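Subject: Two-chain model for you to look through

Hi,

Here is the structure I promised to pass on. Have a look at it first, and then read on for my notes.

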Amino acid sequence: MLRVDHWLSHYRKLGVAHFLIVDNDSDDGTTEFLAQQPDVSVWCTSDSYKASRFGVDWLTCLQIKFGAGRWCLTVDADELLVYPDSTTRDLNALTSHLDVTGRDSFGALMLDMYPKGPLGQVKFEEGQDPIQVLPWFDAGNYRARIHPVFGNLWIQGGVRDRVFFSSQPERSPTLNKTPLVKWRRRYAYVTSTHQLLPRRLNDVFDFGQGDRVSGVLLHTKFLPNIAEKSIEELARGQHFENSNLYQPYYNALIDDPDLWTKASTKYQGTDQLEAMGLMSRGAWS
Amino acid sequence: MSVGVVMLVHTALKRAEQVIRHWSAAGCPVVIHVDKNVDRTVYDEFVNSVADLPDVLFSKRHRCEWGTWGIVAASQSASSLMLEKFPAVRHVYLASGSCLPLRPIKDLQEYLGKRPRTDFIESATTADVPWTQGGLDFERFTLRFPFSWRKHRFLFDRYVEFQRRFKMYRRVPDGIVPHMGSQWWCLTRQTLSAILEDPDRGVYDAYFKRVWIPDESYFQTLVRLYSQNIESRSLTLSKFDYQGKPHIFYDDHLQLLRRSDCFVARKIWPDADRLYENFLNEENPLKGAEPNPGKIDRIFAKAVERRTRGRAGLFMQSRLPRAGHENGFTSAPYSVFEGFADLFEDFEPWLARMTGTRVHGRLYSKAGVEFEGRQKTFSGAMSSNAKLRDHHAQSFLINLIWNTRGERQCFQFGPADSQFVSWDMAKDPNAQISVISGAWAIPLFQSNRNFSEIRAEAAELQRIESEHLEALRSPWAKARIRIWTLADFIETPMEALQTVLDEMGAKNLRRVTEAPKMADLNGFGQFLQNLKNQGMHPYLMGDFPTESSPVNDRPSRRKPYLVR
């Protein structure tokens, strides 16, 4: 609920025509709020998030039913998509460029945003732009390789990697996503939106010299309620394949850490992300 | 009424209407061709929407598919109608529905009024320009193309191969030399009517109907027959990407377009409200200068280059070039020093003072990354954690150099460090690697450890360093590499240091006056000899003289009692 209002308005500005949202048993009035929106369809479920492969099955089902033949953007409630000049060019402009250049998927890097100071100390009000209170990010500590099975780009790094996973970097979260796809019935996401089938859709980056247009998903996970959420997560055990492996991670979050260092970068907009090489416009000038 | 506009429209009719009103308000008659693929009801609605405008006519509709004759036929019908119905028109301007006038129409009218006999049409022979995409340049005039390139690519390609194989070439009609250029032109009545009323038009039309993408060559070729004065450029600003697809202008191009001084631009994104609002309503956004698309050209050329070459030394969501295709492994030059910090006690601060560069310690040290000042995190929030670094050691180096663009990085390296990047550095033309081989023995010599341990470690370090030197000396090595043995180096240390610093090209470099402090090497020769005596032959440090043999070593006293 904390994020939903701003989240909707962010994507409305980008020209999203309709929202399809799965509400997994929320109890803070989100369902009612969404039901009132003219451009939102909500599906409610109290089934296990884990048993539905972390929501992917729910989404795939909706996409098969309603998404075929359209450009579908699949994002979490804590992800805000930006791409080069996204303030002046909406998603229609982007998808029409992708259509013209013969692409049917679009890649984005997940960028973890965090505040300066301990996570719990930040003041955040419902409906506010989360980036205002989480303006910092790690600009240049990402490592990329090719996923051996799905052939997708596999990017790790960022603040979670730096602070929580330095003793087991191979477990650190995957940051590449392919959130925007011109959907067809036989397509399917594998894990979250990191990997897609058929494999060809993972081809959102240039394997030769060149570069393709890509975006960034501003990940606003670290809002002040993260500690509560982590306690809840630990109790539910609904996240990730091996929930107990992530216990130290959640425990560290409950301890109210400060993720900021003086090498952190403050978010200034899409031009900055592009100049820093976190995203690129390819031929879309 | 000197300029008439022929407009080809197929989508975004609302925007087209807006632009038609703009042309019409300035007193330009407009003849519109609407693609036959557009729905009848939509077409009627569109006709009605501009019914209130004087001097706006609709021409016979043709089916326009990209790369086919339809577009030429459309231009012909509409132009004929224009010349017939508006006898006062002197120049006919061919535009599309997604064209946007950037300067007041009056400017264009004046500009053309001053050049009453000039035809503005880009027209070049295929032999002289490398514009064409897809390998069909002159062949587009000599083969037949009955299959659509977009819809039946397979048949298109096979049929082209077939004709090449059996040399089924068409003959170009007598008297014309195929020329090509941008399809957006502005021709004078004299030239245009000569083309349209040519007694041989039937022959030319029949020929060009089978040419591929005739809209880029029909008028461009025929204009050469009649024009008295061709200015081979288009008055319409349009850019193409590396695949030959037109670039689209969005709201963020506003300033760029303003400064271009061009009369008309295409293609404009239909939802670019700011562009339409600004250019259709502003009084006089541009000064009465010559069109100056230079700046736009540069920016779009850069985009094309970036699309095809990428940004050097950047690996990210958009690009992960395979080895050897990187267009640069790293983004900027950097210097690697091997053995210097072992030989000189204060090498890092000295180097920083002398060159004004960023000098790190051993970045690949197994204990942890030694960033300058031993910071925990460095530029771009890079962590000093050795595990994170070693999880992808190449990325670490690439990121470091990318994050610090504009500032030269120097760091220490040696056989005691993680060797993952040994080959990558050797192959990287941005690396300047200076090695004092065998200097790793100095810390061992100074250490207070058991000799058997020292011996084992020396053997290991020597093995690692010789492997690294092999990489540096291999034919694949592209770095700027200098290797001294320790023995050679200490003979003329200042000269060697000067060479290295000169190669770094530091701007404010004077002659090196102040030397870094060298470690005390008294007894080092003996130390090496001891290793040899234990069966471990250190050879990388070169020929080090054993100062004196231990057997006849007398206590080295001064000679106080020597009487002169």
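Let me begin with a loop. Asp256(A) sits in the loop that links helix 8 (247-254) and strand 13 (265-266) of chain A; helices (H or I, at least four residues) and strands (E, at least two) are DSSP runs numbered from the N terminus. Phi of Asp256(A) is near 60 degrees, a positive value in a residue that is not glycine. Is Asp256(A) partly exposed or buried? Asp256(A) is partly exposed, as 14 other C-beta atoms lie within 10 Å. For burial, C-beta atoms are placed from the backbone, and a residue is buried with 20 or more other C-beta atoms within 10 Å of its own, exposed with 12 or fewer, and partly exposed in between.

Before going further, a word on the source. This is a predicted model, in which local features need pLDDT of at least 70 and side-chain atom pairs count only at pLDDT 80 or more, while totals for chains, interfaces and linings use all residues. Residues are numbered from 1 along each chain as its sequence is written, and chains are lettered from A and ligands numbered from 1 in the order in which they are written.

On confidence, the model scores ipTM 0.91 and pTM 0.85. Chain B has a mean pLDDT of 87, with 93% of its residues at 70 or more; pLDDT is the predictor's confidence in each residue, from 0 to 100. Please take care with residues 549-553 of chain B, where pLDDT stays under 50. For that stretch the model has two contacts beyond four places in sequence, a contact being two residues whose C-beta atoms, placed from the backbone, lie within 7 Å.

Back to the loops. Asp261(B) also has phi near 60 degrees, again positive in a residue other than glycine, and is found in the loop between helix 9 (254-260) and strand 12 of chain B. Asp261(B) counts as buried, with 21 C-beta neighbours inside 10 Å.

There are cis peptide bonds to check as well. One joins Leu197(A) and Pro198(A), with omega about -5 degrees, and Pro198(A) lies in the loop between strand 11 (196-197) and strand 12 (215-219) of chain A. Another runs from Arg266(B) to Lys267(B), with omega near -10 degrees. Lys267(B) is in the loop between strand 12 (264-265) and helix 10 (273-281) of chain B.

Strand 11 and strand 12 of chain B pair in the parallel sense over two bridges, and Leu237(B) stands opposite Ala265(B).

Now for strand 2 (residues 30-34) of chain B. Five of its five residues are buried, so strand 2 of chain B is largely enclosed by the rest of the structure. Val30(B), Ile32(B) and Val34(B) cover one side, and Val31(B) and His33(B) the other. In general, side chains in a regular strand alternate between the two faces of the sheet.

Strand 2 of chain B runs parallel to strand 1 (residues 3-9) of chain B, joined by five bridges, and His33(B) is the bridge partner of Leu8(B).

Lastly, the interface: 48 residues from chain A and 48 residues from chain B take part in the contact. Strand 7 of chain A gives the largest share of the side of chain A that touches chain B, four residues.

Best wishes

Notes
Pairing = 2+ DSSP bridges.
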